[in-house]
Amino acid sequence: MAKNNFTRIENRITVCREYTELWQNYFSFFSEDMEDKLITPQMEEEFQNIINVLALNHYKFSELCGEFMKNDAAILEILSQTDSLQTIKEMPEATRGKLMIEWHTTFIDMNKALGKILAQMTAKQLQAMQAGTAV
């Protein structure tokens, strides 16, 4: 039986897409105006779950996609500033605005990394991926 190569391009693409999607879900919790938002325990729990998954999967993302990003460590820096929704709500508006800019910059870098990975695919690999099969 052949060894599974986790660094193959299709796996890198999958990891990058899934992590970027989760990063987008994380942002949805604090992208709205937080000042009048009522934060429920359920919302905090969901937010904590997303943070936990992002933190747990950061190593895999960094190993497979980090070389294509300017600063994959920025993810952990941003996560460390947002330990709860209540913390975000209590941030001064300028600090929250800076956090949102950092999130967006990192999100753009993630998508650029995905583009760089996709650019490494051969035409045959790309066709197979678009057809829904792996080469």
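**Notebook: helix packing and salt bridges**

I began with two helices: the axes of helix H1 (residues 9-28) and H5 come within 10 Å and cross at roughly 160°. For axes I took lines fitted to C-alpha atoms, for helices over the stretch in contact, with angles running from 0 to 180 degrees between N-to-C directions. I noted that H1 is therefore roughly antiparallel to H5 (angles under 35 degrees count as roughly parallel, over 145 as roughly antiparallel, 65 to 115 as roughly perpendicular and the rest as oblique). Helices here are DSSP runs (H or I, at least four residues), numbered from the N terminus.

I recorded that the model is predicted, that local features need pLDDT of at least 70 and side-chain atom pairs pLDDT 80 or more, and that totals for chains, interfaces and linings use all residues. Residues are numbered from 1 along each chain as its sequence is written, and side-chain values use heavy atoms, with hydrogens and water left out.

I then looked up which residues join H1 to H5, taking contact as heavy atoms within 4.5 Å. Among them are Cys-16, Tyr-19, Thr-20 and Trp-23 of H1 and Trp-103, Phe-107 and Met-110 of H5.

Next I examined Met-110, which is found in helix H5. At 0% relative accessibility, Met-110 is buried (buried means under 20% relative accessible area, exposed over 50%, partly exposed in between, with a 1.4 Å probe and protein chains only). Leaving aside residues up to four places away in sequence, Met-110 touches Cys-16, Tyr-19, Thr-20, Trp-23, Phe-61, Met-69 and Ile-75. Met-110 and Ile-75 lie 35 residues apart along the chain, and their C-alpha atoms are separated by 10.0 Å.

How many salt bridges does the structure hold? I found four, a salt bridge being a side-chain nitrogen of Lys or Arg within 4 Å of a carboxyl oxygen of Asp or Glu.

- Lys-98 and Glu-102 meet in a salt bridge at 2.7 Å, N to O. They are four residues apart in helix H5 (residues 93-119), so about one helical turn separates them.
- Arg-8 pairs with Glu-10, the closest N and O atoms being 3.9 Å apart. Arg-8 is partly exposed at 34%, whereas Glu-10, at 13%, is buried.
- Glu-32 pairs with Lys-37, and their closest N and O atoms are 3.9 Å apart. Glu-32 is exposed at 52%, whereas Lys-37 is buried at 16%.
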